[in-house]
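The following note comments on selected local features of the model shown below.

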Amino acid sequence: MIYGPEQYKNDVDRYIVSIKAQLQKLSGTWNVQSCCILEDFELLQKQVMEAHNLASTYYLQSYLLPYTDEAATLSLAAQHLSERRHGGLIVIERKEDVTAFMHNGIEVGAKVSYTMLETIFYDGNPLHDGAVHIRKDEILSAGNILPVAKSEQQGKKIGTRHRAAIGISEVTDAIAIVVSEETGRISFALQGKLYTVRN
């Protein structure tokens, strides 16, 4: 599903109103000794995370739509990989050709589909550890080795897939969608930074 700007604006406004109300409630009760505010903090954290996920999804789609008609397919593939805890790394080319940074991949030459992406990243498939290279609506290659990130991500320890996603986004304008095998978390890298789409 493509998330339109009007729906995005309305949903973000709704979250902001709700978060403000929750903060107002917390500011009135945090110093009352008999009142436990842990549940209020958990609710606030949940609302902020939902708003964050909404914004990340919207911006990822906005960054992809001018370069592929398969943004919804890519989102669905990432979601399926996440649910099954199958790691994945998908590089979507934008203005710049990224072929020079793709190493040791196998040519695929197939139309983008979530079933094809799930098959490539199925654990045990010889190509599942590498990156998929997409240009427009075509999977050009799979099993690619990418340059890894030179920069630290605010002191966070990140795995090889995430470092490769950041690495390709440091040297090109590509977007790299990465799914964590350990947590199922979906993120995307753009201009050397990693953004969480879904926890």
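1. Two strands are taken to pair if DSSP finds at least two bridges between them. The model is predicted. Strand E1 (residues 88-92) is joined to strand E3 (residues 131-135) by three bridges, and the two run parallel.

2. The bridge partner of Ile 92 in E5 is Ile 175.

3. How many of the five residues of E1 are buried? Five of the five are, and the strand is accordingly described as mostly covered. In a regular strand, side chains alternate between the two faces of the sheet. Both faces of E1 are covered: Gly 88, Ile 90 and Ile 92 are buried on one side, and Leu 89 and Val 91 are buried on the other.

4. Thr 172 deserves a separate comment. This residue lies in the loop between helix H5 (160-171) and E5. Thr 172 has a relative accessible area of 6% and is therefore buried, the cut-off being under 20%. A polar atom of its side chain lies 2.8 Å from the backbone oxygen of Ile 168, and a polar atom of the Thr 172 side chain lies 3.1 Å from the backbone nitrogen of Ala 174. Leaving aside residues up to four places away in sequence, Thr 172 touches Glu 96, Val 98 and Phe 101.

5. Gly 167 is placed in helix H5. Its relative accessibility is 1%, so Gly 167 counts as buried. The C-alpha atoms of Gly 167 and Pro 147 are separated by 5.3 Å, although the two residues are 20 apart along the chain. With residues up to four places away in sequence not counted, Gly 167 touches Pro 147, Val 148 and Ala 149.

6. The aromatic pairs number six. In one of them, the rings of Tyr 8 and Tyr 59 have centres 5.8 Å apart and planes at 75°, so this pair is edge-to-face. The pair links distant parts of the chain, with Tyr 8 in helix H1 (residues 5-29) and Tyr 59 in helix H2 (residues 38-64), 51 residues apart. Tyr 8 counts as buried at 13% relative accessibility, whereas Tyr 59 is partly exposed at 37%.

7. Ring pairs link Tyr 8, Tyr 58, Tyr 59, Tyr 63, Phe 188 and Tyr 195 into a cluster. As a further ring feature, the charged end of Arg 14 sits over the ring of Tyr 15, 5.1 Å from its centre.

Conventions. Residues are numbered from 1 along each chain as its sequence is written. This is a predicted model: local features need pLDDT of at least 70, side-chain atom pairs count only at pLDDT 80 or more; totals for chains, interfaces and linings use all residues. Side-chain values use heavy atoms; hydrogens and water are left out. Buried means under 20% relative accessible area, exposed over 50%, partly exposed in between (1.4 Å probe, protein chains only). Helices (H or I, at least four residues) and strands (E, at least two) are DSSP runs, numbered from the N terminus. A polar contact is a pair of N or O atoms within 3.5 Å; within protein, one must be able to donate a hydrogen and the other to accept it, and residues adjacent in sequence count only if both atoms are side-chain atoms. Contact means heavy atoms within 4.5 Å. Rings of Phe, Tyr and Trp (its six-membered ring) pair if their centres lie within 6.5 Å; planes under 30 degrees apart count as stacked, over 60 as edge-to-face and the rest as tilted. A charge sits over a ring if NZ of Lys or CZ of Arg is within 6 Å of the ring centre and within 35 degrees of the ring normal.
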